[in-house]
Amino acid sequence: ERRHLRLVLTPTGHAYVAQVRTAVDLLRTAAAQARRHASDTVVVSCEATLAIRWLVPRLGEFEALHPQLSVHVLAGGGPIDLAGSTADLAIRRSDYALQGDLVVQPLMDEWLGPVASPQALHKAPWHAMPRLVSETGPYAWADWHRLQPKLAAKALAGKQPAERRYGHFYLSLQAAAAGLGTGIGPYPMVMDDLQTGVLAAPLGFVSAGNRYLVLATPQQCLRPAVRQV
């Protein structure tokens with residue numbers, strides 16, 4: 001309809017647009033799914049610290065075994081809706097609620113323990129050094145105290161250690177490696193540094209009761225590239 005100097009859709013036109021938009025969105029989604037199914041690229045959503053300290057260091061070996069595949073890593077944490085995500089796979093801890101119909105594959109268990117640089121431990125015991133705390137893992141020390149109450153109480157003897165706070169968990173682990181104090185290390189995130197001697201675990205590790213899971217939708221599991229990952 002012409003109204004003064006502009007054109008306005010009729011009610012029938014508005015209804016038509018809504019129906020056509022729905023049809024176009026369905027076509028767009030179907031085309032994107034078809035491209036992803038045929039693609040040799042797999043997008044993995046992974047918690048940032050685990051991605052930096054465990055996943056990314058292993059991608060070179062994986063891609064050497066599967067040169068036809070390309071793995072893209074997205075940093076992300078917490079619950080994820082894979083059906084509405086750009087990620088094909090997600091790695092999450094088992095204490096997060098699962099959303100939607102998912103295929104779940106256990107990856108590895110989570111273990112906790114204090115970690116510090118060997119050089120720093122030669123100068124002072126682990127409990128005498130500043131405690132390294134991160135804003136993205138604020139309860140890690142509390143979890144370890146809960147799991148090892150007698151050991152923690154004996155080491156600290158009622159004393160409250162000084163704290164150094166960092167904005168992200170991987171920064172607190174990097175600070176531990178730099179000799180700035182004692183961090184709390186989930187074993188998968190510190191295992192490489194333990195093997196190379198960058199970090200030491202004076203008390204070993206205790207099971208946290210959680211595990212890391214690989215999540216995927218049943219539709220994505222049909223893709224050959226996803227099945228190889």
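**Two residues and their surroundings**

Tutor: At 2.9 Å, the backbone nitrogen of Gly137 is reached by the side chain of Ser134. This is a predicted model, in which local features need pLDDT of at least 70 and side-chain atom pairs count only at pLDDT 80 or more, while totals for chains, interfaces and linings use all residues. Residues are numbered from 1 along each chain as its sequence is written, and side-chain values use heavy atoms, with hydrogens and water left out.

Student: Why is Ser134 called buried?

Tutor: Buried means under 20% relative accessible area (1.4 Å probe, protein chains only). Ser134 has a relative accessible area of 1%, so Ser134 is buried.

Student: Which residues does Ser134 touch, not counting residues up to four places away in sequence?

Tutor: Ser134 touches Tyr166, His168, Phe169 and Ser172; contact means heavy atoms within 4.5 Å.

Student: What makes the pairing of Arg92 with Ser45 a polar contact?

Tutor: A polar contact is a pair of N or O atoms within 3.5 Å; within protein, one must be able to donate a hydrogen and the other to accept it, and residues adjacent in sequence count only if both atoms are side-chain atoms. The side chains of Arg92 and Ser45 make such a contact at 3.0 Å. The side chain of Arg92 also reaches the backbone oxygen of Gly76, at 3.2 Å.

Student: Why does Arg92 have no salt bridge?

Tutor: A salt bridge needs a side-chain nitrogen of Lys or Arg within 4 Å of a carboxyl oxygen of Asp or Glu. For Arg92, which is buried, the nearest side chain of opposite charge is Glu47, 5.2 Å away; therefore no salt bridge is assigned.

Methods: Buried < 20%, exposed > 50% of the residue type's maximum accessible area, 1.4 Å probe, protein only. Lys, Arg positive; Asp, Glu negative; His and termini not counted.
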